[in-house]
Amino acid sequence: MSIDIKKNWERDFDSYELFLTERGYFTNTELKSYFTKIYQKIYLYTTLTNAICDLDKRSKIQQFFFECKNNMIISFDLANLNYINASKQILRSCIESLFRLSLGISRYIEYRENRKKGIYIATESLKNLKSMQDSHKVGKLTHYVISYFSETPVNENMKQLYDLYSTLSGAVHVNDKDNFTPHKYLLDYNIANKEHIEPHLINFEIVINNVIFILYYFSFYLDDEGVHLHKRDLLEFEKTLEETNVLEEIENFFV
């Protein structure tokens with residue numbers, strides 16, 4: 001019996017190795033241009049805003065900045081491998097990381113402005129920002145983010161991410177037939193199903209677009225710290241947008 005089991009798993013593993021050499025990728029299909037556009041935006045997030053990592057080391061800004069980026073990259077790769085549900089789960093984590101990053105940056109800005117006014121104690125607002133950034137209760141975190149940014153020009157961007165976070169949660173909490181993985185066998189992952197992946201790519205682009213909008217908003221507060229994110233740097237990015245007035249609305253808020 002044990003000999004038969006060994007032979008079976010060895011044959012199965014040989015099939016897996018063959019699958020690796022022959023597997024298909026969405027970047028080898030007509031969807032390559034869509035994947036390329038998303039990757040360009042991920043790269044833009046990394047290169048244009050990396051100076052954020054040099055802010056207060058105690059605020060976990062650097063950690064959440066890279067966690068957000070890494071989640072994007074992993075989610076991108078999983079989508080290309082046709083692991084759509086797994087990609088959705090990681091994209092959901094990307095949104096959570098962005099929320100925590102936003103609170104960390106806000107905490108830094110508020111602390112800096114308090115010091116300019118001669119306020120050196122930890123105010124209630126600063127305590128709340130830290131508490132929410134570190135909170136294990138994600139529902140509480142997301143609701144706090146929506147409330148905190150409600151009077152800012154990125155209010156709608158945060159809401160879009162909040163709504164999408166709830167949608168993507170279905171891939172984590174599998175309680176609906178639409179959230180079940182349709183593949184039964186490993187070879188099924190070699191079958192490129194455009195209808196299955198295209199809605200996910202649309203959501204992926206919504207996430208990365210809003211992440212860039214939000215960091216563009218923060219860059220106006222952080223210019224003195226060397227976080228320079230100018231509109232001219234986003235010209236190629238802006239060409240890909242359906243609503244091209246978002247960057248202008250953010251800019252006008254600071255005029």
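Author: Helices here are DSSP runs of H or I with at least four residues, strands are runs of E with at least two, and both are numbered from the N terminus. The model is predicted, so local features need pLDDT of at least 70 and side-chain atom pairs count only at pLDDT 80 or more, while totals for chains, interfaces and linings use all residues. Residues are numbered from 1 along each chain as its sequence is written, and side-chain values use heavy atoms, with hydrogens and water left out.

Reader: Thanks! Where is lysine 60?

Author: Lysine 60 sits in the loop between α2 (32–48) and α3 (61–80). Its phi is positive, about 65 degrees, although lysine 60 is not a glycine.

Reader: Why is lysine 60 called partly exposed?

Author: Buried means under 20% relative accessible area, exposed means over 50%, and partly exposed lies in between (1.4 Å probe, protein chains only). Lysine 60 has 35%, so it counts as partly exposed.

Reader: And what makes asparagine 82 buried?

Author: Its relative accessibility is 3%, so asparagine 82 falls under the 20% limit. Asparagine 82 belongs to the loop between α3 and α4 (84–116).

Reader: Why is the pair of phenylalanine 253 and phenylalanine 254 called edge-to-face?

Author: Rings of Phe, Tyr and Trp (its six-membered ring) pair if their centres lie within 6.5 Å; planes under 30 degrees apart count as stacked, over 60 as edge-to-face and the rest as tilted. The centres of phenylalanine 253 and phenylalanine 254 are 5.1 Å apart and their planes stand at 85 degrees, so this pair is edge-to-face.
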